[in-house]
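Trainee: Could you take me through one buried spot in this model up close, and then walk outward from there? I'd like the cut-offs spelled out as you go.

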Amino acid sequence: MSNLIRCLRPTKLLSALPMIFLIIASTNLYAESKPEKIAGHWEGQIQLPGATLAIKFDFEADEDVHWSGTIDIPAQGLRAFRLSDLKVGKTKISFKMPAIPGDPQFDGTLSADGEKIAGTFKQNGQQYPFEIVRKEPTAPTAFPKPSFVLEKPHLALEAIRVAHGLPGLGAAIVTDKGLHTLVTVGVRKKGDQTPVTDHDLWHLGSCGKAMTATMIARLVEAGKIKFEQTLGETFPEHAEAMSDQLKSVKLIHLLSHRSGLPANFNLQAYLDEPDVALARDKVLLEAMSKPLLSEPGEKYLYSNWGYTLAGHMAEKATGKTWETLMKTEVFEPLQMMTGGFGGTGTQGKIDQPWPHASNGSAMPSNGKEMDNLPVMGPAGTIHMSLEDWGKFITEHLKGAKGKSEYLAQASFQRLHTAIGKDYAMGWMPRMRPWAGGTALFHNGDNTLNHAVVWAAPEKGFAVLVVTNQSLARIAADEVAAGLITAWQSRDASSQNLTDEWIEKAAAPLVENRIADGLSVGYLEGKHWGIVHLGTSNRAKKKADNRTVYEIGSMSKVFTGLLLADAVVRGEIDLNATADVANAAGIRLPSRNGRSIKWIDLSTHRSGLPRLPGNLRLTNLKNPYRAYDSKKAATFLNQYELPRQPGDSREYSNFGVSVLGYLVAQNAGKTYQQLLRERIATPLRMTDCTVSLSRDQRKRLALPHDKYGSATALWTFADLPGAGGVHATMRDMMRFARAQLTPPTGTLGKVIELAWKQQRDADASGPAMGLGWVIHRDGQTRWHNGQTGGFHSAIFINRKSNCAVVVLCNTAVTNEIDQLAMQLIRKAAGQEVKPEPSEDSDHESGDLAIDSKLRRRLVGRYQLTPDFIFTVRDRDGHLMVGITNQATQEVYPDSPTRWSYRGVDATLEFKLTKTGPAKSLVLHQDGNKQTARRIR
């Protein structure tokens, strides 16, 4: 018994270095088992000298009567190991366990009553009797189809991970437009609490074969090699020593597993060969010493050996290693920057998913060497992030529809088309109703990790599943099936917003050069989507879900949530004076005995100005860079409030900046630390941050001013609460979902408190929550934001169960807010056309101002004969020119109060019940000056 067990487990060499073999066989997702022959569950044993080894089998056939099966060996922790070469005759049954040393094989005979299979088990030249009988399974053999909710896939994913005892588990849905869903759960290593992340690298095993085939298709298009090229033609120096059979093996035979080569070559022979190209040449020499198992092109025999030689043919044709070709022909063109080779992580550090054996035990080591030897690279040594793998799959979905510039549609079709019935090139095509025809499947397992992909080119979507434990097929299939079912179940007939509608509505902004690039995300009941338009960086590439944006004043919502968090925790009384010991020595002023309360700061009723008077604009492109809490304290120590706190609304960036600082000081943390701990991490907003890492800077959208010129980023000292937060669209979609359906526990209470109306609307401004502006419909919460190079907007309506987020890397105002308003109305079921509307309310600056009211402000106002304000409404922007000075835009704090940005100056228009404004009052440096209308 012990000898057999030792043979079935991966052989360990060099003490810590395991010899690992790729495992791959067809999985029949959603195939209906046919109740004939051997279909069903079987249990029995192999009779060893003096002992028995319990074994279990499950067999099934797909609609084309292609048989597949799995074996469990409980004593060895072997579970659902896929069988190969499964042949079912009238009474004779045979199958193998691929990629296991000693070439284990079962040969049996079905009894006359169909209830027993008996025969011999062979391994390492030895034979043992085995017998299995048909039994009812103790658990369903077909994997369950869990109830996935696309908006919260991590719940089902975590349930599956726990049920199967996996360390980490990740999944993604991609479409022909890019990444749609990405979720990871669990830990990097069992026994350690370090969680897996959305950015982690996963080993793809044999799923990398599609990448090898795709790389070769690029070489074929470039005329450097041909699919019909033979080994004899490619390696003339070896041709004389090759058999006629081997000499005639074509590249397409190798890529479709029809070369006749065995599954694996002798890996041990290449342990001491560091030169991968030379090692692969030796693999060819080894093939020359063995007979083929079938004639080239005759039948399907899965072969890692064949893929290794296919990669070597590409090396010979180009003079470059397979590794270099993968980088230059696949990773770099598709921006798969995390693509690499071998095991993941730094040896001894838990900085990436750690490898685990099939029985769930963590391996003694990690790192690059915990994989097949590099010689086997073309057959499957690739690792990368889920998102980057998704980019590759998206390109195949696009290519199938002729929408890719990476390869010609004919090349994709050839890669996807089965040769025979079993295999295409890097893909296993399978007819599946849910795919609308042919689904493309592959899985990969290097006995330490597992990966699965199912792609539906006709439907334009695919699901990807990864885990850092071997032989996790059942769990991976449950995840894949759940995601496919959830994707299919979307009821498009009840959906108001669609990607196409958004593209039509938003495209004019890019086409008319109003916005350089923008990302739009929407949630509508169980439907959601993300659309990217325009360009986001110097390379003129479209944004993606991980493109980082400045969100400007939308940061105020996060600051409101941090205040609500402190209230829920009992650390702050919302209606108490905002007085807390702090490093800068900030003390807030009062008026007539009324102090500024925490709630006043969050609802813009503190009486503090929009900007502090001691803000010196030495750098107009980055105005807040040098303004810190010490300077804020200096200003507040001498500032006299113009009105009593709480009386009226005056939009104040300064007030919310101070609020963010004081809330963080009260918690004994920086704003950045508090944001990450209390909001970003619980909501899995991995890029929601103030300070940017090196990786986040690489993904940062290029900022543009409102005229379309590249401009500077805005940075903040220690007062980022009013506008210093960055986020990606993926982050903001998770944030929006949490506002629609708050999680349980403390964070849910925090969200509800911030959502609650805290101040009523009045003549000075709209109703407010904590950070949230409440639309006059009483339902919609919203906020927008603008910096020198970005504009953002978020609108959420719980009654209609919908939300919209727009992120733009151009500092335009009305157009982005108007688009967001159109989308939220459409999502809520209102009749809206996907085109600009001159009569709709514009969400200008930080407040919605009706176009008719704006027109009442237009005119000329004289302060002195040589100082005249000229106010114009230019395409929804209120522009103010001053005699001998540049025209600038002003932004609404209320219907009658408008402020400059970057200058501490406010214009207050005096309106009667009807007609144009009679005058305006300039508020600047604590002074008031009235200018009367002259036209």
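Mentor: Ser629 counts as buried because its relative accessibility is 4%; buried means under 20% relative accessible area, exposed over 50% and partly exposed in between, with a 1.4 Å probe and protein chains only. Before we go on, this is a predicted model, where local features need pLDDT of at least 70, side-chain atom pairs count only at pLDDT 80 or more, and totals for chains, interfaces and linings use all residues. Numbering runs from 1 along each chain as its sequence is written, and side-chain values use heavy atoms, with hydrogens and water left out.

Ser629 belongs to helix H18, residues 629-638 (helices are DSSP runs of H or I with at least four residues, strands are E runs with at least two, and both are numbered from the N terminus). What does Ser629 contact, leaving aside neighbours within four places in sequence? Its partners are Ala584, Ile586, Tyr661, Asp718 and Leu719, where contact means heavy atoms within 4.5 Å.

Now the rings. Phe, Tyr and Trp rings (the six-membered one for Trp) pair if their centres lie within 6.5 Å; planes under 30 degrees apart count as stacked, over 60 as edge-to-face and the rest as tilted. That rule gives 30 aromatic pairs. One of them joins Tyr300 and Tyr423, stacked at 6.0 Å centre to centre with 20° between the planes. Tyr300 lies in the loop between helix H8 (276-288) and helix H9 (304-318), and Tyr423 in the loop between helix H13 (409-416) and strand E17 (428-432), so this pair ties together parts that are 123 residues apart in sequence. Tyr300 is partly exposed at 24% relative accessibility, whereas Tyr423 is buried at 0%.

Tyr861 and Phe909 make an edge-to-face pair, 5.8 Å centre to centre and 70° between the planes. With Tyr861 in strand E34 (residues 859-864) and Phe909 in strand E39 (residues 905-910), the pair ties together parts that are 48 residues apart in sequence. Tyr861 is buried at 0% relative accessibility, and Phe909 is buried at 2%.

Ring pairs also link a cluster made of Phe57, Phe59, Phe95, Phe106, Phe121, Tyr128 and Phe130. Phe106 leads us to strand E9 (residues 105-110), which has a covered face of Phe106, Gly108 and Leu110 and an uncovered one of Gln105, Asp107 and Thr109. E9 pairs with strand E8 (residues 92-96) in the antiparallel sense over five bridges (strands pair if DSSP finds at least two bridges between them). E9 also runs antiparallel to strand E10 (residues 116-123), joined by six bridges. E9 and E10 form a hairpin with five residues between them, and Gly114 in the turn has a positive phi of about 75°.

You'll like the charge-over-ring cases too; the test is NZ of Lys or CZ of Arg within 6 Å of the ring centre and within 35 degrees of the ring normal. Arg798 has its charged end over the ring of Trp755, 4.1 Å from its centre, and Lys209 lies over the face of Tyr307 at 5.6 Å from the ring centre.

Next, a sheet. Six strands form an open sheet in the order E13-E12-E20-E19-E18-E17, with antiparallel pairing. Strand E13 (178-186) and E17 are its edge strands, each pairing on one side only. Neighbouring strands here are turned by 15° against each other on average, direction ignored (axes are lines fitted to C-alpha atoms, for helices over the stretch in contact, and angles run from 0 to 180 degrees between N-to-C directions). Within the sheet, strand E19 (residues 450-456) and strand E20 (residues 461-467) run antiparallel with seven bridges; in E20, Val466 is the bridge partner of Ala451. Helix H14 (residues 473-488) lies across strand E12 (168-175), E13, E19 and E20, at about 150° to E20.

Finally, helix H24 (residues 814-827) has 13 of its 14 residues buried, and Gly829, which follows H24, has a positive phi near 95°.
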